[in-house]
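This briefing is meant for a reader who is meeting the structure for the first time. Please keep the sequence and the 3D view at hand while going through the points.

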Amino acid sequence: MNYLISIFQQSYGSDFTLISKNITKKSECIGLELQFRETSTGITHYFSVYQFLSDNYSYLLLFGSTNKSYINSVEKNEIVKSFKIKDTVTSSNGIPFTDVSKNSWYYDTVKYTYENNLISGANEYEFRPDAKITRGMIVTILWRMEGKPKVTGIEDFPDVTGQYYYDAVRWAAKDKIVSGYNSGKFGPNDNITREQLAVILYNYSRYKGTYKTVKADYSKFTDSKNISSFAKEGMNWAVGSGVITGSGNKLNPQGEATRAEAVAMIHKYCTKVKK
């Protein structure tokens, strides 16, 4: 805040005094609504300030007027949208996501899957690494890895028809990479667990002919007993082949995978297993 006040005082004079501030949000960007008063004239100035961040740069977008209703929200949103931060972030960060720092543990995995067209962002500028990822999304990633094949001669899941993952789920089901629930549904919008993802990648490895028999060493994991019975083979393969490495001496098999964790497992499959 002191930095902003300094900017305004340098631009408009030392008698430029902050009289109010409110936090606001536009296009997923946190900003400030500020009011300053010039002591010498008594004129009130109104500003909206938004800061965009990348790894190497910070950008300040500022709207200002002496009229409180100087710009309506629709116009302001259009201006914020037109600010093409993607181009500058791409050149500085290598990928267009402002929430994936080069210092993050998942940077290389996000970069790999993005550059190989396996996964896109939550929107144009955000990857949202801590958000959950669904069963439909995971199957769609593997389907893209296969060149987006279309299949026939398979019965559709009743909760899949007509959605973006339709062809992906049909392909994966036909080749026994995925299966549905006992209810007959696939649950494409359900958040995927780490052990479910391990089983899917295990089945995908067998489908691709890259599967090799391995034996997992669970000695350093305190929660390996929590692996569900249906997932034991898949988790054994995933741990033994390095697709899952765990964190803090835990595998968290039934925990819901984040987007960062999911792409990390897929990246490890592509670099450690897929030859």
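This is a predicted model: local features need pLDDT of at least 70, side-chain atom pairs count only at pLDDT 80 or more; totals for chains, interfaces and linings use all residues.

**Around helix H6**

Among the elements that cover the buried residues of H6 are H5 and H7.

- The buried residues in H6 are Ala168, Val169, Arg170, Trp171, Ala172 and Ala173.
- Just after H6 comes lysine 176, which takes a positive phi of about 60°.

**Overall make-up**

- The protein contains nine helices and four strands, and when it is read along the sequence these elements follow the pattern α-β-β-β-β-α-α-α-α-α-α-α-α.
- The protein has 275 residues, of which 43% count as buried.
- Of the contacts in the protein with a separation of 6 or more, 58% are accounted for by residues 24 or more positions apart.

**The nonpolar cores**

- The largest nonpolar core holds 56 residues, and the members that touch the most other members are Ile138 and Met145.
- Two or more residues of this core come from each of helix H4 (107-115), helix H5 (135-145), helix H6 (166-174), helix H7 (194-208), helix H8 (232-240) and helix H9 (259-273).
- With eight residues, H9 gives the most to this core.
- Another core lies apart from it and has six residues, including Leu34, Phe36, Phe47 and Val49.
- Leaving aside residues up to four places away in sequence, methionine 145 touches Leu118, Tyr204, Ile266, Tyr269, Cys270 and Lys274.

**Helix H5 against helix H7**

- The axes of H5 and H7 come within 11 Å and cross at roughly 25°, an angle that makes H5 roughly parallel to H7.
- The crossing of these two helices, H5 and H7, is right-handed.
- On the H5 side, Arg135, Ile138, Leu142 and Met145 take part in the meeting of the two helices, while on the H7 side the partners are Gln196, Leu197, Ile200, Leu201 and Tyr204.
- Sorted by class, the residues of the contact of H5 with H7 are seven nonpolar, one polar and one charged.

**Helix H5 against helix H9**

- The axes of H5 and H9 come within 12 Å and cross at roughly 30°, and because angles under 35 degrees count as roughly parallel, H5 and H9 are therefore roughly parallel to each other.
- The crossing of H5 and H9 is right-handed.
- From H5, the residues that make the contact are Met137, Ile138, Ile141 and Met145, and from H9 they are Arg259, Ala262, Ile266, Tyr269 and Cys270.
- The contact of H5 with H9 has eight nonpolar residues, no polar residues and one charged residue.

**Residues in the loop between H4 and H5**

- Isoleucine 119 is found in the loop between H4 and H5, and this residue counts as buried because its relative accessibility is 9%, with buried meaning under 20%.
- Not counting residues up to four places away in sequence, isoleucine 119 touches Thr113, Tyr114, Phe127, Ile133, Ile141, Arg144, Arg259 and Val263.
- Isoleucine 119 and isoleucine 138 are 19 residues apart along the chain, and their C-alpha atoms are separated by 9.1 Å.
- Arginine 128 also lies in the loop between H4 and H5, and although arginine 128 is not a glycine, it has a positive phi of about 60°.
- With a relative accessibility of 34%, arginine 128 counts as partly exposed.

**A residue in the loop between H6 and H7**

- Lysine 176 is found in the loop between H6 and H7, and although lysine 176 is not a glycine, its phi is positive, at about 60°.
- Lysine 176 counts as exposed because its relative accessibility is 66%, with exposed meaning over 50%.

Definitions and conventions:
Residues are numbered from 1 along each chain as its sequence is written. Side-chain values use heavy atoms; hydrogens and water are left out. A nonpolar core is a set of buried Ala, Val, Leu, Ile, Met, Phe, Trp, Tyr and Cys residues joined through side-chain atoms within 4.5 Å. Buried means under 20% relative accessible area, exposed over 50%, partly exposed in between (1.4 Å probe, protein chains only). Contact means heavy atoms within 4.5 Å. Axes are lines fitted to C-alpha atoms, for helices over the stretch in contact, and angles run from 0 to 180 degrees between N-to-C directions. Angles under 35 degrees count as roughly parallel, over 145 as roughly antiparallel, 65 to 115 as roughly perpendicular and the rest as oblique. A crossing is left-handed if the near helix is turned anticlockwise from the far one by less than a right angle, and right-handed if clockwise. Ala, Val, Leu, Ile, Met, Phe, Trp, Tyr, Cys and Pro count as nonpolar, Asp, Glu, Lys and Arg as charged, and the others, Gly among them, as polar.
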